[in-house]
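This report describes the architecture of one protein model, from its overall composition to individual helix contacts and residues. Please consult the sequence and the structure alongside the text.

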Amino acid sequence: VPGQPLSSPCQCPAMASQLSLWHHYLRAIRSREAPRAQDYQRAENALLAVLERVHALDPRFLVDYSRDLQAFQFSLRSSEDPVDMEVPLQVNTEALLIEELGAPEPGDGPALCRLGVPREAVGLAQWRTGDVFSTSEDEGQAECCGHIVPGKVLRVLKDLLVAAIVHCRHQVRQPPRSLNAASLSEEQLHLSLLVSSGWRKIRFNLVPVVRRKQGAPTLERVRLMPGFPEGTLRRILGQGVDLVPASPQRWRASTGYPLTQLLSVLGSLQGHRLDSLCILDRVNHESWRDGGQSPGLTFDHLKMALLWASVLFPAPEDWAELQGAVYRVLVVLLCCLATRNLPHPLCPGHNLLRGCGLDLSAVYQRVERFASQPEMSLRIHVTHLGRIPPPRIDNGVKALLQLPASDPAYWATAYFDVLLDKFQVFNIQDKDRISAMQGIFRKTKTLGTEES
């Protein structure tokens, strides 16, 4: 149970036998949360000191102390995926002209926009300098004299970070080699910086953001969230939706923080929702990605699958049993991998697996193998591996699971009842799993459609 003292994962056999393999694995993961949180805090403190110097050098870049949900999210993970760190810009968004341009292609997520600076705007002089501003080519445009360019903002921020790191090192504000300007590289639409914290190294993706008090119209129309407290999504989007770089010339609405807030809401509910995420992230890191050495699913992919599973299975009893909770997320994940479509919870037309560069067939095989024989991966040390039951999925079930890869319409039929029957006739000794799978397959509906 989160928040309660946890015993060491290295228990004597008599004590270990009192726990199911799933709970034993979870307790071992939970025992590492506190050290991970401390490592994150040290790394964040070092980075905040650098950002404070950046602000002193250029007041247009602010330091955000208000958002602490990244530490909460980092403590859930076993993987070493980069952590996003937002760098807010000191700009009055109400005075800007936000010119929405639409998505480059249907299904590519939130619409793109440009940040125009009005000709008669007051208080925006610092954003009309050539290092971040591009003069409008349309001289006849009455309102807008030019735009704030994200690519230029990133270049200015990079130079400031290099100067700030050197300053902090000379002032002995940072331990030797904890931050190295040589590791700072401009990657796509963020700045990547590796920060040492004890023996652990944490990679931060620094992203300039423009704070908005208004929500994004494309997101406000989403009616998701059965399974969340009433009004949760409306309250979260009501806080505003920030803008982040979408290309060197364009901005887009950012869904990162709203999704992390939704994840935090799940943590306030009874049940094993976040526990299932912790287990699958650990299995993904150790088994599906070979200890992080192979490409594969990210923590964000698994987080999206959990959010969808929470929508598809809203009843508290759906999450009361740990093993059943994990399998609910697994079924959603297998569905998404089979159809090669993981819809974004706030932009359902946006497929998060499109263009991810992964061999989705290989990833699917690894996830299916875990669903069939989870005991092979539920171990912290080889000595924890006990009796291995036979596979839960035979060739007939495998064939049914993979049918939707060629025809996604299968997922809108009574397909799961047929699949459930296959599981029931197969020799599964774990009655709890049968009960859990019955609830899952009978309740699963079409994933990613507009109706969902």
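## Overall composition

The protein's secondary structure comprises 15 helices and 12 strands; helices (H or I, at least four residues) and strands (E, at least two) are DSSP runs, numbered from the N terminus. The model is predicted, so local features need pLDDT of at least 70 and side-chain atom pairs count only at pLDDT 80 or more, while totals for chains, interfaces and linings use all residues. Residues are numbered from 1 along each chain as its sequence is written, and side-chain values use heavy atoms, with hydrogens and water left out.

Of the 452 residues in the protein, 50% are buried. Buried means under 20% relative accessible area, exposed means over 50%, and partly exposed lies in between (1.4 Å probe, protein chains only). Among contacts (heavy atoms within 4.5 Å) between residues at least 6 apart in sequence, 66% join residues at least 24 apart.

## Nonpolar cores

In soluble globular proteins, nonpolar side chains tend to be buried together. A nonpolar core is here a set of buried Ala, Val, Leu, Ile, Met, Phe, Trp, Tyr and Cys residues joined through side-chain atoms within 4.5 Å. The largest such core has 60 residues, and the members that touch the most others are Ile 279, Trp 288, Leu 297, Leu 330, Leu 337, Val 367 and Phe 370. Two or more residues are given to this core by each of α2 (21–30), α7 (232–238), α8 (256–267), α9 (273–288), α10 (299–312), α11 (322–339) and α12 (360–372). Helix α11 supplies the largest share, 12 residues.

Residues up to four places away in sequence aside, Leu 297 touches Asn 284, Trp 288, Arg 289, Leu 302, Leu 333, Leu 337, Leu 358, Val 363 and Val 367.

## Helix α9 and its partners

Of the 16 residues of α9, 14 are buried, so this helix is largely enclosed by the rest of the structure. Helices α9 and α11 pack with their axes 9 Å apart, at an angle of about 60°. Axes are lines fitted to C-alpha atoms, for helices over the stretch in contact, and angles run from 0 to 180 degrees between N-to-C directions. The angle makes α9 oblique to α11, because angles under 35 degrees count as roughly parallel, over 145 as roughly antiparallel, 65 to 115 as roughly perpendicular and the rest as oblique. The crossing of α9 and α11 is right-handed; that term applies if the near helix is turned clockwise from the far one by less than a right angle, and left-handed applies if anticlockwise.

On the α9 side, Asp 275, Ser 276, Ile 279, Leu 280 and Trp 288 meet Leu 322, Ala 325, Val 326, Val 329, Leu 330 and Leu 333 in α11. By class, this contact has 9 nonpolar, 1 polar and 1 charged residues; Ala, Val, Leu, Ile, Met, Phe, Trp, Tyr, Cys and Pro count as nonpolar, Asp, Glu, Lys and Arg as charged, and the others, Gly among them, as polar. The axes of α9 and α12 come within 11 Å and cross at roughly 120°, again in a right-handed crossing. Leu 280, Val 283, Ser 287 and Trp 288 of α9 make this contact with Arg 366, Val 367 and Phe 370 of α12, and its residues divide into 5 nonpolar, 1 polar and 1 charged.

## Helices α3 and α5

The axes of α3 (residues 33–57) and α5 cross at roughly 115° and come within 8 Å; the crossing is right-handed. Ala 49, Val 50, Leu 51, Arg 53, Val 54 and Leu 57 of α3 form the contact with Leu 157, Leu 160, Leu 161, Ala 163, Ala 164, Ile 165, His 167 and Cys 168 of α5. By class, it has 12 nonpolar, 1 polar and 1 charged residues.

Arg 169 also belongs to α5 (residues 150–170) and is partly exposed, with a relative accessible area of 41%. Beyond its neighbours within four places in sequence, Arg 169 is in contact with Leu 179, Asn 180 and Ala 181.

## Residues with positive phi

Most residues other than glycine have a negative phi. Asp 290, although not a glycine, has a positive phi of about 55°; this residue is found in the loop between α9 and α10 and is partly exposed at 36% relative accessibility. Arg 340, also not a glycine, has a positive phi of about 55°. Arg 340 is found in the loop between α11 and β11 (343–344), and its relative accessible area of 42% makes it partly exposed.
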